[in-house]
Every structure is written in structure tokens, then in C-alpha cells.
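Here are a few notes to read alongside the model. Have the viewer open while you go through them.

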Amino acid sequence: MLKIPNMNSGLVAFIFVLLAVSISTANAHQPRLDIGTSAPIENPIMVDDPEISQAFYGELDGKPVYYQIQSPQPFQLYVNLLVPTSPGQGGELVSAQVTDSSGTAIMILNGTNSTWTPYFEEFGGDYYLKGPESTLNVPAGTYNIRIFNSQNQGKYSIAIGKIEAFPPNEAITTLFTLPLLKEQFFSKPIFILFFQFMGIVLALGSLMTLLTLMVKSRKSDEITSITFRVGGIITSLLWIGTIITTLVWAGVMYQNPKNILGLVNSLILIIILFLTWRINSKTMGTGKEKLPFISTFILVISWWIFSLLAITVI
């Protein structure tokens, strides 16, 4: 008998291993989305663990944005400025000034007089211009970081900290943050998300229906017969959803062919295509064959993993 709990445990372990490998092979910052956040010096955005690599995504809306670090111990302060270069993005380059508790400037990143170079972030699959950066060992205390330009307009990203760390809770938080980041910061076309979502829902919906019938058929010959009779219709819907998803995914990967997480998900999609073909051939029989329960269960798991990773790439 198939031991579902053990397979679920293996799935959880596989997801975390997959995330760990993907993140460790890319220069990934912990993302912090601050679009629409008003942060004057009286109410700055607080930066915890300033030595841990974090990327704060925000937008200037007529006023400078302030970040604040309060550290009870000496630490290494690393700051780097970036701006998005996705289609429809633009605006003036930004600068940053770091001051201590007395108001003395200890670090200045002049975006106007610096060289900005193209930069591809492999984990999320997005393009930036990477600007000035600086590292400074500072004593314990309070530090304010001011982000600004001449018009105080435009989107920006500020990376703080060099130590890359992605504990499991941070990896899960990142998976939910990245879709919002794609939409609000990079203005990704909504129709791509829509068609990808439509394909996934159609495929997973039909697949879950088929799996439910297979589970019930294990205790009923009548349900087994029904499953074989409707299997062709269900797998047709499964194929339609799979084809839509595959076409949209091909377009996504064409735009970002070097995306590490996308390449991993492409391999999962190949497994999905193979399993879908196998299940389709097994459910088109006369009813004398054994229903492909294990293959269908593995396909369900594969689809959930694909869906989970796809939202971070698109």
C-alpha cells in the first residue's frame, strides 16, 4: 500500500532542498517590499540584522525615504544602490547618505557621479542597474540612511548587508513576497500571470478530480469503471491546461534564459509532460488495466511544486 504520509514528508524535504540549492547558487538578498510606504526621518523603515544581506524595494514620491539601523554592537555596514530596468521602468538615478546619531555623514553614495552597470539577479530573474556601493566598519549606535535624488521620484532598491542567509521561514516568506514584487516593483504584464494561472488551475483541477476518482476506485469496482469511462475527458482537460502552461512558460524562459530557479522549474515541467502522457495512455484502456494511482499522485506533487516556483519567476 502507498504510504502517503511518508511521501508528503519527502515532498516537504524536497521543496526545502530545492529552495536551498536555488538560493545558494544565486546572489540572493532577503527581499523587503516598501512600495507606497512613507518613511520620513521621524518614522524611518527599521533595518534589523544589518549584516544579513537584505534588499529593500521602494519608491520616492516627492520626499526622501529614510532607513534606520540601531545596533547594540559594532558591525560591518554594507550599502549598495540599484534601480530596476524592466520594460516601462525608468526615472532618475538615486543617491544615499548615511549619518550617525549626531547627524555626521559617515558614508555618501553619489548616484549622479557613479558608474551604473547592468546586473541580472538570478534568483528572481530580474534586471537592474547596479550603482555605487560601500563598506564601512562602524561602532555600536544608531544610523540613518537617506535615499534621494533631485526630484525625489522613481523606484529604487537598496541592498544592506553581505551575509547571505535564508532560513526556512525566510524562504517561505520570500515565495509570497516575490509575486507582489514582480507586480508592484517590476510591473510585469498581468496577462502573463493570468494565462499561467488559468493553465495551472485547469490542469490541477482536472488532475485533482482524477486523483479523487482513483482514490475512491481502490474500494469500488464501479468507481473504477467510471474512472476509465471519464478518464479520456479529464485527461483532455489536463492536456489543455498543461499546453497553456507550457507555452506561457516557454515565453517566460525566453525572456530570462539564465534564471536558475526557472531552469529548475523547466525540468519539473518536463517531468510533468512525461507523467501526463503516461497517465493519459493508462486511462484510455478498457478497464482491465490497473489505474496509474502512484503516477497520478506524483504528478499532483509535481504540479504543486511547479506552481509554487512559477510565481517567483514570472
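1. A quick term first: buried is under 20% relative accessible area, exposed is over 50%, and partly exposed is in between (1.4 Å probe, protein chains only). S236, with a relative accessible area of 39%, is therefore partly exposed. S236 sits in helix α4, residues 221-255 (helices are DSSP runs of H or I, at least four residues, and strands are runs of E, at least two, numbered from the N terminus).

2. Some housekeeping. This is a predicted model, where local features need pLDDT of at least 70 and side-chain atom pairs pLDDT 80 or more, while totals for chains, interfaces and linings use all residues. Residues are numbered from 1 along each chain as its sequence is written, and side-chain values use heavy atoms, without hydrogens and water.

3. Now look at α4 against α5 (residues 260-282): the two pack at about 160 degrees, axes 10 Å apart. Since over 145 degrees counts as roughly antiparallel, that label therefore applies to α4 and α5. The contact (heavy atoms within 4.5 Å) includes W239 and W249 of α4 and L269 and W277 of α5.

4. S236 and N280 are 44 residues apart in sequence, yet 8.3 Å apart C-alpha to C-alpha. N280 is among the α5 residues in the contact with α4.

5. Over to the open sheet: five strands, ordered β2-β4-β10-β6-β7, with mixed pairing (pairing takes at least two DSSP bridges between two strands). β2 (45-46) and β7 (105-109) are the edges, each pairing on one side only.

6. Inside that sheet, β6 (residues 95-99) runs antiparallel to β10 (residues 141-148) over five bridges.

Methods. Axes fitted to C-alpha atoms, helices over the stretch in contact; angles between N-to-C directions. Parallel < 35°, antiparallel > 145°, perpendicular 65-115°, else oblique.
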